[in-house]
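Reader: I'd like to learn how to read an interface and a few salt bridges in a model like this one. Can we go through it step by step?

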2 protein chains.
Amino acid sequence: MEPDTKRAPVDKGADFANYFCTYGFLYHQKEMLSDRVRMEAYHSAIFRNARHFRGKVVLDVGTGSGILAVWAAQAGAKKVYAVETTDMANQARKVAEGNNVACTVEVIQASIEDVTLPEKVDIIISEWMGYFLLRESMFDSVIIARDRWLKPGGAMYPSHARMFLAPMRSALADQKMQEFQHSMADWDRFVLDTREQFGVDMSCLAKSYEEEQKKYYLQTSLWNSLYPNQLLGAAAVIKEIDCLTATVNDISTVDADFSIPLYEGVNRVSGYSGWFDVHFRGSPAAPADSEVQLDTAPSLDETTHWGQQVFLMHPPLRARGGDVLAGKIQMTRSKDNHRLMDVKLTNAVERGGRPLSHPVTALFYIE
Amino acid sequence: MEPDTKRAPVDKGADFANYFCTYGFLYHQKEMLSDRVRMEAYHSAIFRNARHFRGKVVLDVGTGSGILAVWAAQAGAKKVYAVETTDMANQARKVAEGNNVACTVEVIQASIEDVTLPEKVDIIISEWMGYFLLRESMFDSVIIARDRWLKPGGAMYPSHARMFLAPMRSALADQKMQEFQHSMADWDRFVLDTREQFGVDMSCLAKSYEEEQKKYYLQTSLWNSLYPNQLLGAAAVIKEIDCLTATVNDISTVDADFSIPLYEGVNRVSGYSGWFDVHFRGSPAAPADSEVQLDTAPSLDETTHWGQQVFLMHPPLRARGGDVLAGKIQMTRSKDNHRLMDVKLTNAVERGGRPLSHPVTALFYIE
């Protein structure tokens, strides 16, 4: 375990066990390849801007099954380096061969941090986004690739990313509280039984058990695919990333104030929902012919596998239409695992410019 | 990843991420402490043989929440060393204090391989059994503890273990085959869609996808709590372990022939079921006053959290009452993770002393 994510080196064995192993399964690749919103965005970004790919050298960071690399080749790239650390690299090689672009697409099985390319590249393409954009911390690897291998004036695909936060309502809030209470009632029975039947008093662990269960049921953010009408106010932008210039320092924390008027008819706020979008605008030197956006906001149309992250407040906030939710979100990387996130949400309800009560702070874990 | 489990050292970071992390949750400890069959066996083994614990020095390997250590102290042990590698050690300390045996029970947070005790011990107690006994490979650590810290003439609790295999029937066999076929039909649609919509041919991955899905749906052994009447013949003992003398070499493989007559009325065999029992017989120098057994066989009474492991044959075997299932089971540790197991099952149906067909071999993974 890492005592400090900033200083401790990443344990590669644990990182593979916890993280990369997932991407070694074709089933998981297929899930991502079946996400039409994701697929259409990248497909459009490449083929509507084929002019920018023609005759160029491209690097695909974390190619997985190789789809982006194949598209780049089909769009006319001269050479595509497709880097993948898991054994999925073997499948990517087959996909390049099966689609007759094996002479253009060179699959390299290595972590991007260890790779040496024979030349610098014109374009870096990557699908690096995790839940709530930054989970997985994969953009760190893209930054390393960019700083080492992107030519001056080169382009990032995607070029920009944003994170959003909006107040929301959900029946999940009551459900999770009930599950938590049920779990604690079960614990009480367990303590009684263990004392009576086996002569050991476990009540000394009650506080720790409650903390553990609270973290699990009430403080772990949830994946959810929300309907737009569950949102109770306009989303606030809490982070903007320019993929061409962002540093690891820029992206390892989020720290943003927000002030969101609630829609008419609201009487209760269950918590907050977070999501992201990314844009394909090419680069200042070579702007996209056609800008493309990949949006993971709640939608009535086809939704993405990213869904939204939900942070439920317990108890819910009493507030009504026209009130303003004023607060702050701070997100940092988890101490125990740099690919997970800790979120601190502080908020208060304001009415007529004045706070109705003291600010409330809640801690969440994106697991 | 480990290229060879026999030679490669275990990656401690990966092992913690994959294995020990589970035992860091009180929820998981509570599940084990709520397994009455398990609890009653260990409780009886200690208190019915309290004479052997009185005034003795005890080592508890992997104490978890500390229950066995507390019982040993309550039974009159002079000193109990309770070794636990995860942070659960802190909870075990609280349990010892909360039950007024903190002066006897010394909780040591370390892996048993790294620990140095100030003295040798009279008794080693441990709940080291995984699914199908050997999953988790935790007995390796108990062997190290025994060879380093058990006095000559000392006792192991439990003292003996056995593994069983029996033919069985289950509706799961058809269900898993249907799930597999459904998954492959879904793959075919995916390949068509990806080619039509996105111009990439993924059919080159069909074979790999089929292998992956076959492994997942058909070749991964299943946890199940069987009814006794699902068994179609008497169980064969496929492994016997004397905990006082077994070496890591002895327990790292299972290689046993079996020959099991089928009960009357059988017309189809879905596969095999495996389980284990352990015995508390004290030691040759200090035999138990009252032998205790912990049995995880299919039962109509209260069952254990271990349940049984189920290995389903596809297709099922055609056989009838009086036929003999003759075969061989070979179990080895997984190359990628020494705590998981690979199982090779070869069998043939014999009628009147002659095989009805060639032997069939199936591979399984205990994940």
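**Reading the contact between two chains**

Author: Let's start with one pair: K30(B) forms a salt bridge with D186(A), and their closest N and O atoms are 2.6 Å apart. A salt bridge here is a side-chain nitrogen of Lys or Arg within 4 Å of a carboxyl oxygen of Asp or Glu. Bear in mind that this is a predicted model, where local features need pLDDT of at least 70, side-chain atom pairs count only at pLDDT 80 or more, and totals for chains, interfaces and linings use all residues. Residues are numbered from 1 along each chain as its sequence is written, chains are lettered from A and ligands numbered from 1 in the order in which they are written, and side-chain values use heavy atoms, with hydrogens and water left out.

Reader: How many salt bridges are there between chain B and chain A?

Author: The count is 2 between chain B and chain A. Over all chains, the same rule gives 36 salt bridges. There is also a network of salt bridges that links K30(A), D186(B) and R189(B).

Reader: And how many residue pairs are in polar contact between chain B and chain A?

Author: First the rule: a polar contact is a pair of N or O atoms within 3.5 Å; within protein, one must be able to donate a hydrogen and the other to accept it, and residues adjacent in sequence count only if both atoms are side-chain atoms. Between chain B and chain A, 18 residue pairs are in polar contact, both residues being at pLDDT 80 or more. Helices (H or I, at least four residues) and strands (E, at least two) are DSSP runs, numbered from the N terminus.

Reader: What area is buried between chain B and chain A?

Author: Buried area is the accessible area (1.4 Å probe) that two parts lose on being put together, summed over both. Here it is about 3700 Å², and carbon and sulfur atoms give 65% of that. In chain B, L26(B), K30(B) and F198(B) lose the most area to chain A, together 18% of what that side buries.

Reader: How do I read the way the two copies are related?

Author: In general, two copies of a chain are related by a rotation about an axis and a shift along it. In this model, a rotation of 180 degrees with 0.0 Å of shift along its axis superposes chain B on chain A, with an RMSD of 0.0 Å.

Reader: Now inside a chain. Why is helix α5 of chain A described as largely enclosed by the rest of the structure?

Author: Buried means under 20% relative accessible area, exposed over 50%, and partly exposed in between (1.4 Å probe, protein chains only). In α5(A), 7 of the 8 residues are buried, so the helix is largely enclosed by the rest of the structure. Among them are I67(A), L68(A) and W71(A). After α5(A) comes G76(A), with a positive phi near 115 degrees.

Reader: Which parts of chain A does the salt bridge of R268(A) tie together?

Author: The partner of R268(A) is D174(A), at 3.5 Å from N to O. R268(A) lies in strand β10 and D174(A) in helix α8 of chain A, so the pair ties together parts that are 94 residues apart in sequence. R268(A) is partly exposed at 26% relative accessible area, and D174(A) is partly exposed at 41%.

Reader: Where do D289(B) and R51(B) lie in chain B?

Author: They form a salt bridge, with the closest N and O atoms 2.7 Å apart. D289(B) is in strand β11 and R51(B) in helix α4, so this pair ties together parts that are 238 residues apart in sequence. D289(B) is partly exposed, at 43%, while R51(B) is exposed, at 51%.

Technical notes:
Copies are superposed by least squares on the C-alpha atoms of residues with pLDDT of at least 70 in both.
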